[in-house]
Every structure is written in structure tokens, then in C-alpha cells.
Amino acid sequence: MHIQSDICIIGDGAIGKVAALGFAQAGLKVSLLSPPRVGASVPVATAVPQAWDARVYAVNHVAHDLLSGVKVWEALDASRVATVDAMVVKGDTASVLAFDAYGARVGALAWIVEDRNLNQALDAALKFASNVRMVHGRALSMQANASAASVQLDNGDTLSAELLVGADGGQSWVRTQCEIDFDYRPYGQRAIVSNFSCEKPHHGVAHQWFSPVEGIIALLPLPGNQVSLVWSAPDALADILLQESLAQMAARLSILAAEQLGSLSPLQPEIVKSFPLALIRPHSITAARVALIGDAAHVVHPLAGHGMNLGFADVAGLIKAVTERGADRDCGDARVLSRYARSRKEDILLMQLATDGLARLFGTEFEPLRIARNFGLNLVNRLPVLKRRLIGHALGKP
């Protein structure tokens, strides 16, 4: 079977799904390729409360506006979404950087959304998207010519489109097929994620601690007296943490956060996940009739919590470039792709430099750098103009 569309998206994560909805809303015909289904999906029993998903995202204003525009934000389970009203970042001494929504003149700095909550809302929206065709299969090869890109599937089907979008993650098959080189550097850390209840109310405050020994620890607010942990731990410490019980991990965190949150306890049922951290920087985010978005286009350290937000900004930028292409150009025109790449270059570079620089700076115990980084943290906290610039960038606003 030959399936033809204006846009073909490879990858069924949240970034690919939002892109499909956005392009469909713009009146374009979209095919969304996802891996073959394995077994039948099991309906979730609504009478029993679901466990909190260990994987959460700090959604900024750009992502919020995009999700609202495709009618997904309103479909989220609002009872499982928490607002971030303030953030406090601490160095390895008394240095601190704090900012809040009131000072930024916004209703919220960010929103904490579970991966499952987001994907369930996206899946529901896709069922009603008449311009989106869901295709299940495994891509074997792809090629591009002057008028279209095509993908051959393992079942013999062929997908063709004016533009092929790679939304297939950090180990992107699309990027490999395009022979796009990339820089890869492991951080020697693993992100450990789990959820805990806290003795004291968190008041919508996200807390983050930097330590050259223990790594970077973030506790993000969840609804109620609950927090989500993202611990970027050095590999040796990560091995120890993953061998311990979550009660032992909670005891470690309670020492750190006692003043702000009191004692912590694992949420039931206990869920903990981990994944290795690395910097992946492709040399290009476009190729002939191909655009990369999300982790296929960049993988950054999660210390700022903006990896997913960068991906949503990619989607917004690509949709803008395509919808403003002009009547004489198709979706995969080289000038359209060039405009997309230029529009994303600065934002991606700044986030790569910021996250990589901070991870390196706070990962060393070299005394002069230790003094400088903590002095810098306190200095930024006392400079309103610079502080507002940093907040604006975090919010996704110029």
C-alpha cells in the first residue's frame, strides 16, 4: 500500500503527536508512523486512583500555548497538574538564586505534567483528528528526491510526503538515515526519578540543589503534599542509590530538604526509573526534505528541565515555517527548512551552552571555580535586570 500525505512524522512520543495535531490543524494531511502494536491495550480502571508517573515534565509558557492551541491542554486531567509558583536554586554553600511568578508578572512559572497524563490527552485528540492517519510499522529505509521523501516499511507499505519529520528520539533512525553527524558526550551521570510525599506543604515551590559530590537534585511540586524527584547523580552514586530502598533514598533527601519540606516518604506503589545522561548535538537539524525535532534534534542535560520544552518550541517553529511558506513552495522546500533551522539555532545553542556549562561548573571541586560559581549565583540573585532575562528565557519568552 502507498500512503501519501503532506507531512510524514516518524516517532510516536509527545513531540511527534503534538506536531501531527498542529500540522493537521493547519489544514495539512499528516501520517504518523509509530512502532507496531504489541497486544491489545488494557483500559485503565477509573475507580482506582492511578499511581503517580515517575516521569514528569516542567512545561513552560511556549509549550503551554502550543498545547492549548491544539486543544490538548484543556483535555489534561487538571487534578494531576501542579503549578510552579516559585523556584529556589542552591549551590554547595550558602549561595542561592530564587525567583517567583509574581516577580516575573505571570500566573505561573511552569506546570508539572505527568508523561502519562500528557500522552493520554494527545491520544484522545488524535482519535478526532481527521487529517491525521496513524500508521503502525517499522521503517526499513528512506529516500528523498526533488519532489518528495519516502519511507519503506517492513510490511511492504510505502509512506511518501513533501516533508519527513524525525521525532524519533535521541537515537534517531531518521537522523542516521540522513547521515547527519553529531557530537556525543556522556556526563557520567544518570537521572533517577521517583515521587515522594512531604511532611510540610511545598507551596508550589520547585527546589534544586547543586553539589559536586551528589550531583544535581531537583524536587518539583505535585498536587497535594507531594513532590517529584529528578536526581542527576554521578554513576557511582547512582549505582548505590538504585541498590537502596526508596525509604533510604527518602531519608537522604529528608536531610537535604528538611527545612523546606520536612521528612519525605515514598509514594505507594513505589516506582523508580533511571536513564543515562549525555549531550547530543547534531551538526544539522535538517536534510533534503527532512526536519528533526525534539531529542532527534538535540539532547541536553535535564538540570533546567527544558529538554521537552525545546522540543515543543521546535514544533512551533517548524509549523510556522511551513504554514508561512508561500503558495509557490511545498512543505519540504529547501528554503522552508532553512528558515526553520535558522529560527531554532539561537534557542537551541543557548540551552546547550547553559545546561552543559552549569553541569560542568557544578561538577568540579576545584576551589577557585567553586568560589566563583557560588559568588555568581548570589550575584545574579541580586541583579534584577539579569534575573529577569534568565526568567524570561526559562518561560520561553524573549
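In helix 4, the buried residues are N117, L118, N119, A121, L122, A125 and L126. The model is predicted. Helix 4 covers residues 115-127, 13 residues in total. From first C-alpha to last it reaches 19 Å, close to the 18 Å expected at 1.5 Å a residue. An α-helix has 3.6 residues a turn, so residues three or four places apart point the same way.

The largest nonpolar core has 74 residues, and I9, F23 and L118 touch the most other members. Take F23. Leaving aside residues up to four places away in sequence, F23 touches I7, I9, L28, V30, L318, I319 and V322. A second, separate core holds 23 residues, including A54, A82, V84 and V230. In soluble globular proteins, nonpolar side chains tend to be buried together.

Strand 3 pairs with strand 7 (residues 110-114) over 4 bridges. Y57 has V113 in strand 7 as its bridge partner.

Now the charged pairs. Side chains of opposite charge can pair when their charged atoms come close. The structure holds 12 salt bridges. D239 and R190 meet in one of them, at 2.3 Å from N to O. This pair links distant parts of the chain: D239 sits in helix 6 (residues 235-243), R190 in strand 12 (residues 182-198), 49 residues apart. D239 counts as partly exposed because its relative accessibility is 37%.

R289 forms a salt bridge with D330, with the closest N and O atoms 3.0 Å apart. These two are 41 residues apart, R289 in the loop between strand 18 and strand 19, D330 in the loop between helix 8 and helix 9. R289 counts as buried at 8% relative accessibility, whereas D330 counts as partly exposed at 24%.

D314 and R344 also meet in a salt bridge, at 2.6 Å from N to O. D314 lies in helix 8 and R344 in helix 9, so the pair ties together parts 30 residues apart in sequence. Both residues, D314 and R344, are buried.

Definitions and conventions: Residues numbered from 1 in each chain as written. Predicted model: local features only at pLDDT ≥ 70, side-chain atom pairs only at ≥ 80, totals over all residues. Heavy atoms only, no water. Expected span 1.5 Å × (residues − 1). Buried < 20%, exposed > 50% of the residue type's maximum accessible area, 1.4 Å probe, protein only. Core = buried A, V, L, I, M, F, W, Y, C linked by side-chain atoms within 4.5 Å. Contact = heavy atoms within 4.5 Å. Pairing = 2+ DSSP bridges. Salt bridge = Lys/Arg side-chain N within 4 Å of Asp/Glu carboxyl O.
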